[in-house]
Structures are given as structure tokens and as C-alpha cells.
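The sequence and the structure come first, then the points by topic.

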Amino acid sequence: MGKKKGKAQGGNLIAQNRKARHEYFIEETFEAGVSLAGWEVKSLRAGRCQLVDTYILVRRGEAWLLGTHITPLTTASTHTAVEPDRTRKLLLHKKEIARIFSRTQDKGHTCVPLRLYWKGPLVKCELALVVGKQQRDKRDTEKKRDWERQKARIMRTTR
């Protein structure tokens, strides 16, 4: 329940929150639609989006995406007020929202977006229920990553 069904190809990627994978242990992922205005879709097609310091808030049975910065294009409509950091609604099933809400009430748990991507003509957001890493966990992860790089380098040179 609530797990994503498939991976989107790299060409479909709009924005990625790389910091989230470094800062948190990912426990469970969800796929949600994002309610956007027309100018935001045009900006996303141009790749003008940042997920740094973005998080999910559940309020009154609805999930909201806070802190996402979508830079408006210079050719944006003049008759609408563009707000780059506005709060955007996430489209999820009630059971998924209830699960996210109950898990984020636990100490140390939160919900963050991992990436925005295209799924056909729709913009989807991959959310994750996460737990914060301690400093020692971050160092362990970095050591493992460095060792994997070193091992790959050794394997290449011995062939």
C-alpha cells in the first residue's frame, strides 16, 4: 500500500532532492500528484525548480508541499500574480494521507519530497517517510560510498 509502482526514466526527472538521501534514512516512499498553475508547468518544462529545504505538511486531511521554489519564466502571464514559493497541494488517497500523518507524529519522523518527475503529461512527486541520520551514520554512509568507488577503481585497473 502506498509504495511506488515503477521507476521513472532519467529523462522524465524535473528536480531531485539529493540532500534528503544524505540527511535521512528512507523508510517508505509514495507517489503523489501535484496541483499546479499553468505558469508553473511551463517553468517545470524549462527545468526551473528547486527542492532544497522542502517538506510535506498534513493539515485537515490534506497534504501540502511547502518550500518548493519554482522560478517563473520571464514570459509568464502578466494578468496573474506569480508566487515562486507558494504552498502546493499534493494529490494522495485518504489512506496514504492518514499513514503519512500518523507516521510523522512519531518522534524523529518526517516526510520529505525526493524528486519531481513527469509521468506522461502529469507532474508527480515522490515522497518519503524518513528518519533523521546522526552524524556518525552520515560518516558511515560516506565511508561505504568511498569504498565502493575505490573498489570499482581497483577492478577497472586490474582488468
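**Cores, sheet and ring contacts**

The largest nonpolar core has 25 residues, and those with the most contacts inside it are Ile14, Leu90, Ile100, Leu116 and Leu127. A nonpolar core is a set of buried Ala, Val, Leu, Ile, Met, Phe, Trp, Tyr and Cys residues joined through side-chain atoms within 4.5 Å. Buried means under 20% relative accessible area, exposed over 50%, and partly exposed in between (1.4 Å probe, protein chains only). This is a predicted model, in which local features need pLDDT of at least 70 and side-chain atom pairs count only at pLDDT 80 or more, while totals for chains, interfaces and linings use all residues. Residues are numbered from 1 along each chain as its sequence is written, and side-chain values use heavy atoms, with hydrogens and water left out.

**Nonpolar cores**

- Helices (H or I, at least four residues) and strands (E, at least two) are DSSP runs, numbered from the N terminus.
- Strand 9 contributes the most to this core, namely four residues.
- Another core, of five residues, lies apart from the largest one and includes Ala20, Val112, Leu114 and Val130.
- Ile100 is in contact (heavy atoms within 4.5 Å) with Phe30, Val58, Leu92, Cys111, Leu127 and Leu129, leaving aside its neighbours within four places in sequence.
- In soluble globular proteins, nonpolar side chains tend to be buried together.

**Chain and fold**

- The chain holds four helices and nine strands, in the sequence pattern β-α-β-α-β-β-β-β-β-α-β-β-α.
- Of its 159 residues, 31% count as buried.
- The C-alpha atoms fill a box of roughly 60 × 40 × 30 Å along the principal axes.
- Among contacts in the chain with a separation of 6 or more, 70% are between residues 24 or more positions apart.

- An open sheet is formed by seven strands in the order 1-8-9-2-7-5-4, with antiparallel pairing. Two strands pair if DSSP finds at least two bridges between them.
- Strand 1 and strand 4 are the edge strands, each with a single partner strand, so one side of each has no neighbour in the sheet.
- From one strand to the next, the twist averages 40°. Axes are lines fitted to C-alpha atoms, for helices over the stretch in contact, and angles run from 0 to 180 degrees between N-to-C directions.
- Helix 2 lies across strand 1, strand 7, strand 8 and strand 9, at about 75° to strand 8.

**Strand 7**

- Strand 7 (residues 88-91) pairs with strand 5 over three bridges, in the antiparallel sense; Arg88 is the bridge partner of Leu65, and Leu90 that of Ala63.
- Strand 7 also pairs with strand 2 over two antiparallel bridges, and Leu91 stands opposite Gly33.

**Charges over rings**

- A charge sits over a ring if NZ of Lys or CZ of Arg is within 6 Å of the ring centre and within 35 degrees of the ring normal.
- The charged end of Arg45 sits over the ring of Trp118, 4.0 Å from its centre.
- Arg115 lies over the face of Tyr117, 4.4 Å from the ring centre.
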